[in-house]
Amino acid sequence: MKKVTIFTDGACSGNPGIGGWGVVLCYKDIKKEMSGYDKSTTNNRMELFAVIQGLRALKEPCQVDVCTDSQYIADAFNKHWIESWQSRGWKTSAKDAVKNVDLWQALLIEVRKHDVTFVKVKGHADVELNERCDKLATGAVASYKQLIAEKQAAQQPVDSSTNSGADNN
């Protein structure tokens, strides 16, 4: 079974707001980067989506270390919260509905295809590939904002009251 390390991160401009996700997959000396955005989301959803996308990119069952700076995701698996949530019908120990059930369920589908270990890494602490994921995620947000700005600029009506230099007499 191939041994793969996946670094992931999510970002959000506003929470909720425009979100981005970044992934770096590592296998031997090969690295593959992926990123994307969502126009209306939360940071937790982007953190989850990054892990899902990283696992979906694998073409065969692998032994995977998922390195995330999301304590929420790492604890959900390492402290077995996810099993408890499922056994309670996706309710927390306080009997509240678990947020983002759609993504947790999608993540479980991907996790079951592999031998996955979740590793908590400290965010913004010079962990090189975690920092790269952060740049990919925030870059995806910036790209979407730029796309919006360009689209809005292209739709600006021309101000007919300005003189274009032509003689209007």
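Me: What makes the crossing of α1 and α4 left-handed in this predicted model?
Reply: A crossing counts as left-handed if the near helix is turned anticlockwise from the far one by less than a right angle. In this predicted model, α1 passes α4 in that left-handed sense. Their packing angle is about 25°, and the axes lie 9 Å apart.

Me: Why are α1 and α4 called roughly parallel to each other?
Reply: Angles under 35 degrees count as roughly parallel. Helix α4 (residues 101-111) packs against α1 at about 25°, and the two are therefore roughly parallel to each other.

Me: Which residues of α1 and α4 meet, and how many of them are nonpolar, polar or charged?
Reply: From α1 come R45, L48, F49, V51, I52, L55 and R56, which meet D102, L103, W104, A106, L107, E110 and V111 of α4. By class, this contact has 10 nonpolar, no polar and four charged residues.

Me: What makes the pair of E110 and R56 a salt bridge?
Reply: The criterion is a side-chain nitrogen of Lys or Arg within 4 Å of a carboxyl oxygen of Asp or Glu. For E110 and R56 the closest N and O atoms are 3.5 Å apart, and the pair forms a salt bridge. It links distant parts of the chain, with E110 in helix α4 and R56 in helix α1, 54 residues apart. The structure holds seven salt bridges.

Me: Why are α2 and α4 called oblique to each other?
Reply: Helix α2 (residues 71-78) packs on α4 at an angle of about 60°, with the axes 13 Å apart. Angles under 35 degrees count as roughly parallel, those over 145 as roughly antiparallel and those from 65 to 115 as roughly perpendicular, the rest being oblique. The helices α2 and α4 are therefore oblique to each other. Their crossing is right-handed.

Me: Which residues form the contact of α2 with α4, and of what class are they?
Reply: Y72, I73, A76 and F77 in α2 meet W104, L107, L108 and V111 in α4. The contact has eight nonpolar, no polar and no charged residues.

Me: What is the strand order of the sheet, and why do β3 and β5 stand at the edges?
Reply: Five strands form an open sheet with mixed pairing, in the order β3-β2-β1-β4-β5. Strands β3 (30-41) and β5 (115-120) each have a single partner strand, so one side of each is left without a neighbour in the sheet. The twist averages 20° from one strand to the next.

Me: How do you know that β4 and β5 pair?
Reply: Pairing requires at least two bridges. Strand β4 (residues 62-68) and β5 have six bridges, in the parallel sense. In β5, V119 is the bridge partner of C67.

Notes. Residues are numbered from 1 along each chain as its sequence is written. This is a predicted model: local features need pLDDT of at least 70, side-chain atom pairs count only at pLDDT 80 or more; totals for chains, interfaces and linings use all residues. Side-chain values use heavy atoms; hydrogens and water are left out. Helices (H or I, at least four residues) and strands (E, at least two) are DSSP runs, numbered from the N terminus. Axes are lines fitted to C-alpha atoms, for helices over the stretch in contact, and angles run from 0 to 180 degrees between N-to-C directions. Contact means heavy atoms within 4.5 Å. Ala, Val, Leu, Ile, Met, Phe, Trp, Tyr, Cys and Pro count as nonpolar, Asp, Glu, Lys and Arg as charged, and the others, Gly among them, as polar.
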